[in-house]
Amino acid sequence: MILFTLEQAEALLPQVRDEVLAMQALKREIDELRVDLSHVVQKSAGNGHVRDEEAIGEKRTRAETRVAELNERLERLNAWGVELKGIDEGLLDFPSEREGRTVYLCWRLGEERIEWWHELDTGFAGRQRL
């Protein structure tokens with residue numbers, strides 16, 4: 001586990017912010033494609049005919065590509081030592097040390113700086129000001 005100082009974590013925020021914004025956009029697109037594909041499957045189940053197999057195939061391929069891109073970005077965050085706790089919320093934790101124990105520096109998309117921390121087992125609800 002990589003442990004961050006506050007300064008190290010904040011220095012990484014621009015890259016982390018870019019990754020999270022891109023991941024949110026990818027997730028929105030994946031969700032839309034999933035809904036579109038679900039509607040097509042429901043329609044074809046009713047009459048046994050698929051009207052546009054080529055378009056469906058393209059949407060599936062696009063969804064698979066977007067999922068792969070999302071996973072690549074998640075792997076990048078993990079390689080940096082950053083833990084994504086929620087894509088929709090843009091919530092991330094940076095393992096750190098405080099008073100001799102491992103804790104998380106907690107940051108959410110939209111916050112300018114890292115100003116919160118919490119114990120490993122308390123999560124967002126246990127956030128405390130630095």
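**Close-up views of a predicted model**

**View B. The S2-S3 hairpin and its turn.** S2 and S3 pair in the antiparallel sense over eight bridges. Together they form a hairpin with two residues between them. Within this pair, Pro-95 stands opposite Tyr-104 in S3. Glu-99 sits in the loop between S2 and S3. Its phi is near 50°, a positive value in a residue other than glycine. Is Glu-99 buried or exposed? Glu-99 counts as exposed because its relative accessibility is 68%, and the cut-off for exposed is over 50%.

**View C. Strand S3 against S4.** Strand S3 (residues 101-108) also pairs with S4, in the antiparallel sense and over four bridges. Two facing pairs can be picked out here. Tyr-104 stands opposite His-118 in S4. Cys-106 stands opposite Trp-116 in S4.

View D. His-118 belongs to strand S4 (residues 116-119). With a relative accessible area of 2%, His-118 is buried, because buried means under 20%. A polar atom of the His-118 side chain lies 3.5 Å from the backbone nitrogen of Gly-123. Which residues does His-118 contact, leaving aside neighbours within four places in sequence? They are Asp-93, Val-103, Tyr-104, Cys-106, Gly-123, Phe-124, Gly-126 and Arg-127. Tyr-104 is therefore both a contact of His-118 and the residue opposite His-118.

**View E. Arg-127 and its polar partner.** Arg-127 is found in the loop between S4 and strand S5 (128-129). At 14% relative accessibility, Arg-127 counts as buried. Its side chain makes a polar contact of 2.9 Å with the side chain of Glu-111. Leaving aside neighbours within four places in sequence, Arg-127 is in contact with Cys-106, Arg-108, Glu-111, Trp-116, Trp-117 and His-118. Among these contacts, Cys-106 and Trp-116 form one of the facing pairs of View C.

**View F. The largest nonpolar core.** The largest nonpolar core has 20 residues. Those with the most contacts inside the core are Val-16, Val-82, Leu-92, Phe-94, Trp-107 and Ile-114. Helix H1 (6-47), helix H2 (53-80), strand S2 (91-98) and S3 each supply at least two residues. Which element gives the most to this core? H1 does, with eight residues.

**View G. Val-16 inside the core.** Val-16 is one of the core residues with the most contacts. Not counting residues up to four places away in sequence, Val-16 touches Leu-77, Trp-80, Val-82, Leu-92, Phe-94 and Trp-107. Val-82, Leu-92, Phe-94 and Trp-107 are also among the core residues with the most contacts.

Terms used
Residues are numbered from 1 along each chain as its sequence is written. This is a predicted model: local features need pLDDT of at least 70, side-chain atom pairs count only at pLDDT 80 or more; totals for chains, interfaces and linings use all residues. Side-chain values use heavy atoms; hydrogens and water are left out. Buried means under 20% relative accessible area, exposed over 50%, partly exposed in between (1.4 Å probe, protein chains only). A polar contact is a pair of N or O atoms within 3.5 Å; within protein, one must be able to donate a hydrogen and the other to accept it, and residues adjacent in sequence count only if both atoms are side-chain atoms. Contact means heavy atoms within 4.5 Å. Two strands pair if DSSP finds at least two bridges between them. A nonpolar core is a set of buried Ala, Val, Leu, Ile, Met, Phe, Trp, Tyr and Cys residues joined through side-chain atoms within 4.5 Å.
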